[in-house]
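I opened this entry to record what I looked up about the domains, the helix packing and the ligand surroundings. The notes follow in the order in which I went through them.

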Amino acid sequence: MSESIPATMRAVVVHGPGDYRLEQIRVPVPGPGEMLMRVEAVGVCASDLKCYHGAAKFWGDEHRPAWAEKGRTPGHEFAGTIVAGDERAFRHHNVADGDRIACEQIVPCWECRYCRMGAYWMCAPHDMFGFKGFDGAMAEYMLVPERAIAHKVSKDLAPQHAAFAEPLSCAMHAVERADIHFNDIVVIAGAGPIGLSAIAGAREKNPLKIIALDMVEEKLDLAARCGADVTFNISRVDAVQQIKDLTEGYGADVYIEATGHPSAVAQGLDLLRKLGTYVEYSVFKDQASVDWSIISDDKELNVLGAHLGPHCWPAAIKLLEDGKLPIEDICTHQFPLEKFQQALDLVGDSSGDSVKVSILPGLG
Ligand SMILES: NC(=O)c1ccc[n+]([C@@H]2O[C@H](COP(=O)([O-])OP(=O)(O)OC[C@H]3O[C@@H](n4cnc5c(N)ncnc54)[C@H](O)[C@@H]3O)[C@@H](O)[C@H]2O)c1
Ligand SMILES: [Zn+2]
Ligand SMILES: [Zn+2]
């Protein structure tokens, strides 16, 4: 064992929407095939906020049952150090005691039809750290089950930068879904953590032009530093017209939607050229309502969904380790565990200047 492990720890516990509490609970003891991780950093995600605010996707409504569970510790964007586990676990994950890891947020069952066909990220039971089946990382320690997928991350990165492997791999999957070609004009809507990561991922594919859209100037500055060639502030200019002007009136080849705002859906359909590709990555709080005949009769678009970051983790970790992102300026705020509520509130404050807010249990 690399370090001594206490019997109890501080952990955030979900009692229901709007009711998350910091509690003293037992440190989990790893069973056969399991590992214990000391949490170094956990990012707070837009999805954490939607769960906190009681969105139906998490807590159910008349059409669907609840998916998130009460009594869980939230937090699915994390990095930490392995402090305990048996040989079976170390061999299975190809890690050693003392290694730093980040895990994919899905904990696949490896038995359902999707898992068996290799599409583990769409696993039918859909257990996820911090939401369903397994406790997440807003705690001092976290259990890593055998079913989880762990990736080694360099200890040279700051903890919050290592934890950014999760949103980065997600956005890179959206980029892969877009099947970007060298001659493409690619528009990415939203310059939050996901949009900025999609810009960095698209830059690696090196299309002709990457255009970033947002309404916050500071985020557009970051978008340029992530690799956008052109940025448009949609509150100041008519982005659809600007993009038409840049493309001889045709429109963009690819649109990746990463805003979470329904208004960005119609915007994408409008600015794409005929036969263009639309990739949807957002999780919406409010329903988007658009004219679907644009997709069929007008433009014959390819409309694709994207979920999580399958097959992108090693590449995402490499981008971080190679220092390809302005990560110091993306990871804007770090809080100790005691101030988790402030961290949640900051992510919820859309007028605020935060990009990626993280909780570092080691700070407090
Ligand atoms: N599909 C998945 O697996 C998955 C995983 C993680 C996150 N997400 C979702 O991805 C979305 C983006 O996440 P994030 O953390 O970057 O969110 P964020 O809220 O931090 O960033 C969204 C950005 O979009 C900008 N914006 C709002 N309306 C716009 C418009 N019409 N055009 C251009 N920009 C606009 C905002 O100013 C903000 O900067 C969220 O909906 C999130 O829930 C999906
Ligand atoms: Zn997330
Ligand atoms: Zn499965």
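The model is predicted, with local features needing pLDDT of at least 70 and side-chain atom pairs counting only at pLDDT 80 or more, while totals for chains, interfaces and linings use all residues. Residues are numbered from 1 along each chain as its sequence is written, and chains are lettered from A and ligands numbered from 1 in the order in which they are written.

**Entry 1: α6 against α7.** I looked up which residues meet here, and found Pro167, Leu168, Cys170, Ala171, Met172, Ala174 and Val175 in α6 facing Pro193, Ile194, Ser197, Ala198, Gly201, Ala202 and Lys205 in α7. Sorted by class, this contact holds 11 nonpolar, 2 polar and 1 charged residues, where Ala, Val, Leu, Ile, Met, Phe, Trp, Tyr, Cys and Pro count as nonpolar, Asp, Glu, Lys and Arg as charged, and the others, Gly among them, as polar. The axes lie 8 Å apart at an angle of about 55°, the axes being lines fitted to C-alpha atoms, for helices over the stretch in contact, with angles running from 0 to 180 degrees between N-to-C directions. I therefore wrote α6 and α7 down as oblique to each other, given that angles under 35 degrees count as roughly parallel, over 145 as roughly antiparallel, 65 to 115 as roughly perpendicular and the rest as oblique. Their crossing is right-handed, that is, the near helix is turned clockwise from the far one by less than a right angle, anticlockwise being left-handed.

**Entry 2: α6 against α11.** Helix α6 (residues 165-177) also packs with helix α11 (residues 313-321), at about 120° and with the axes 9 Å apart, and this pair is therefore oblique as well. I recorded Ala165, Leu168, Ser169 and Met172 on the α6 side, and Trp313, Ala315, Ala316, Ile317, Leu319 and Leu320 on the α11 side. This contact has 9 nonpolar, 1 polar and no charged residues.

**Entry 3: α7 against α8.** The axes of α7 and helix α8 (residues 217-226) are 8 Å apart at an angle of about 20°, which makes the two roughly parallel. Leu196, Ile199, Ala200 and Arg203 of α7 meet Leu222, Ala223 and Cys226 of α8.

**Entry 4: the two domains.** The assignment gives domain 1 (8-152 + 326-359) and domain 2 (171-305), with bounds that come from an automatic or database domain assignment. Their C-alpha centres lie 29 Å apart, and the contact takes 11 residues from each of the two domains. On the side of domain 1 that touches domain 2, α1 and α12 (327-330) each supply at least two residues, and α1 has the largest share, with 3 residues.

**Entry 5: ligand 1.** How many residues surround ligand 1? I found 30, the closest being Gly190, Gly192, Ile194, Gly260 and Val283, where a residue is near a molecule or strand if its C-beta atom, placed from the backbone, lies within 6 Å of it. The elements giving two or more residues to this shell are α1 (46-52), α7 (193-205), β12 (209-214) and α10 (263-271). The shell divides into 17 nonpolar, 11 polar and 2 charged residues, and draws at least three residues from each of domain 1 and domain 2.

Technical notes
Helix = DSSP H or I, 4+ residues; strand = E, 2+ residues; numbered from the N terminus. Contact = placed C-beta atoms within 7 Å.
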